[in-house]
Amino acid sequence: MGTLVEEIFSRRAGRSVRAGEIILLDVDTIMSHDNTTPLAIKAFREIGKPIRNPDQIVIHFDHAYPAPNLLAAENQQKILRFMREQGIRHFYHHGVCHQVMIEEGFVRPGGVVIGADSHTVTYGALGCFSTGLGSSEIGAAWVTGKCWFRTPETILIRLEGQTAPGVYSKDVMLYLAGVLGMDGATYRALEFEGSYIRNLPMHERLVFSNMSVELGAKCGLIAPDEITLQYLAQETRAQPPFEVFRAEQPRYERVVEIDVSGLEPQIACHPDVDQVKPLREVEGLPIDEVYIGTCTNARYEDLEIAAGILRGRQVHRFTRVLVTPASQTIYEKAMQNGLIEVFLQAGCTVNAPGCGACLGRHGGVLAPGERAFTTMNRNFIGRMGSSEAEIYLGSPAAAAATALEGRITDPRKYL
Ligand SMILES: CC(C)[C@H](C(=O)O)[C@@H](O)C(=O)O
Ligand code: SF4
């Protein structure tokens, strides 16, 4: 009984848990990656106790992979040695950690997953409580297999209606970021529901959970349903049976209702994710780099939408257009279905799956004065390289249209 997060915590604890309560829970999986594992190892060594269960631990190389410099190479070498020493088998270098976690079946409705990465919240779209933690907390969880949480209060986001052509879940989420603001959900659980969500395919639902942390949320949950179960069966290695549950007589701290029917394509402007406007208002702004990638919007369907716009056309001569599929599986499917060919023929650069240009360390770093349009989730100053660069966020369709014109372009023009 209660909100989705109370429901998940109660099931796990075997008794009724309510918002505000601090609770110690067994976790299913503990995730970290090339960027955060070294500090977790340090914390683990300081604790000086053995790993409870190496099979609970999943480590990814994705943030700067293949290593773009000596420091990254040495860190990855150190992690590989640690995994061998500790018998950690779940190691992936097959794309952005969050996408791979889902594909490989580590994410289940009712599950509890922690990760040394803020976008661990992504798994909430499958009804899994998941949240990002600091590396030392992760090192401690390796030893105990547990983690403490303060059960968050919940803000319900009720989304009704149907979006117009050219408007995607990314536009709706950006609009919500504009409404709530960057600290609008600090340490709250977000719960997404309504007729829009119920009809939404999983790849679009994932955008809401993924970007929940941009509003400060501890998690972003969607109740598991038929769409969830089908997705788990068809797109992941997760093994049934799966728990299906919903919020029962929930008490919400706040309810935000949005009718998505009237929305047009949105854009988050430099330098914050809540600087959101209808994209039309900044149309024509010149763009040096377009980046279609990340754990937010580089799934197969995102690439398909972008390719649909780029097919048979050429991207602007002086705009770098980078496409980085979220995972190897997505890359492979995109290749089999001719999408990679479309990107290459249009003049895009297709990068190895992973975080790519997102962190500003490799794969498309921005120079001072450059301006990027990307499908990412963050656009704060310095995110993609120079602190004098600007970043704008939008949907894959808007990114593709912008790539063609070399300036911010309304995707509806190319539908
Ligand atoms: C490097 C990592 C800790 C970071 C995060 O936690 O989110 C990164 O993935 C990001 O998106 O900024
Ligand atoms: S793709 Fe970007 S936002 Fe996602 S985990 Fe990687 S660095 Fe973080």
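The paragraphs below walk through the domains, sheets, helices and ligand surroundings of this predicted model.

Residues are numbered from 1 along each chain as its sequence is written, and chains are lettered from A and ligands numbered from 1 in the order in which they are written. Because the model is predicted, local features need pLDDT of at least 70 and side-chain atom pairs count only at pLDDT 80 or more, while totals for chains, interfaces and linings use all residues.

Where they meet, 30 residues of domain 1 are in contact with 29 residues of domain 2, two residues being in contact if their C-beta atoms, placed from the backbone, lie within 7 Å. On the side of domain 1 that touches domain 2, the elements giving two or more residues are α4 (97-103), α6 (169-180) and α8 (202-212). Helices (H or I, at least four residues) and strands (E, at least two) are DSSP runs, numbered from the N terminus. The largest share of this side, six residues, comes from α6. Sorted by class, the side of domain 1 that touches domain 2 holds 13 nonpolar, 12 polar and five charged residues. Here Ala, Val, Leu, Ile, Met, Phe, Trp, Tyr, Cys and Pro count as nonpolar, Asp, Glu, Lys and Arg as charged, and the others, Gly among them, as polar.

Helix α6 also contains A177. This residue is buried, with 25 other C-beta atoms within 10 Å; a residue is called buried if 20 or more other C-beta atoms lie within 10 Å of its own, exposed if 12 or fewer, and partly exposed in between, with C-beta atoms placed from the backbone. Leaving aside neighbours within four places in sequence, A177 is in contact with M211, E214, L215, A268, V273, D274 and V276. The C-alpha atoms of A177 and S212 are separated by 8.7 Å, although these residues are 35 apart along the chain.

Next come the sheets. One is an open sheet of five strands, ordered β4-β3-β2-β5-β6, with parallel pairing; two strands pair if DSSP finds at least two bridges between them. Its edge strands, β4 (90-92) and β6 (129-132), each pair on one side only. On average, neighbouring strands of this sheet are turned by 20° against each other, direction ignored. Angles run from 0 to 180 degrees between N-to-C directions, and axes are lines fitted to C-alpha atoms, for helices over the stretch in contact. Within the sheet, strand β2 (residues 29-33) runs parallel to β5 (residues 112-115) and is joined to it by three bridges. T29 has V113 as its bridge partner in β5.

Another open sheet has four strands in the order β10-β9-β8-β11, again with parallel pairing. The edges are taken by β10 (219-221) and β11 (254-259), each with a single partner strand, so one side of each is left without a neighbour in the sheet. Strand β8 (residues 154-160) pairs with β11 in the parallel sense over six bridges, and L159 stands opposite I258 in β11. Five parallel bridges link β8 and β9, where T154 has A189 as its bridge partner. Strand β8 is mostly covered, as five of its seven residues are buried. Helix α1 (residues 4-13) lies across β8, β9 (189-193) and β10, running at about 100° to β10. Helix α8 packs on the sheet too, touching β9 and β10, and its direction makes about 160° with that of β10.

Helix α14 (residues 396-405) is likewise mostly covered, with nine of its 10 residues buried. The cover includes β14 (289-292), α10 (294-297), α11 (300-310), β15 (320-323) and β17 (371-374). Just after α14, G406 takes a positive phi of about 70°.

Finally, the ligands can be considered. A residue is near a molecule or strand if its C-beta atom, placed from the backbone, lies within 6 Å of it. Around ligand 1 are N35, T36, H63, D117, S118, H119 and G132, a shell with no nonpolar, six polar and one charged residues. Around ligand 2 are H63, V96, D117, H119, T294, C295, C355, C358, L359 and N377. This shell divides into five nonpolar, four polar and one charged, and draws at least three residues from each of domain 1 and domain 2.

Notes
Domains from an automatic or database assignment.
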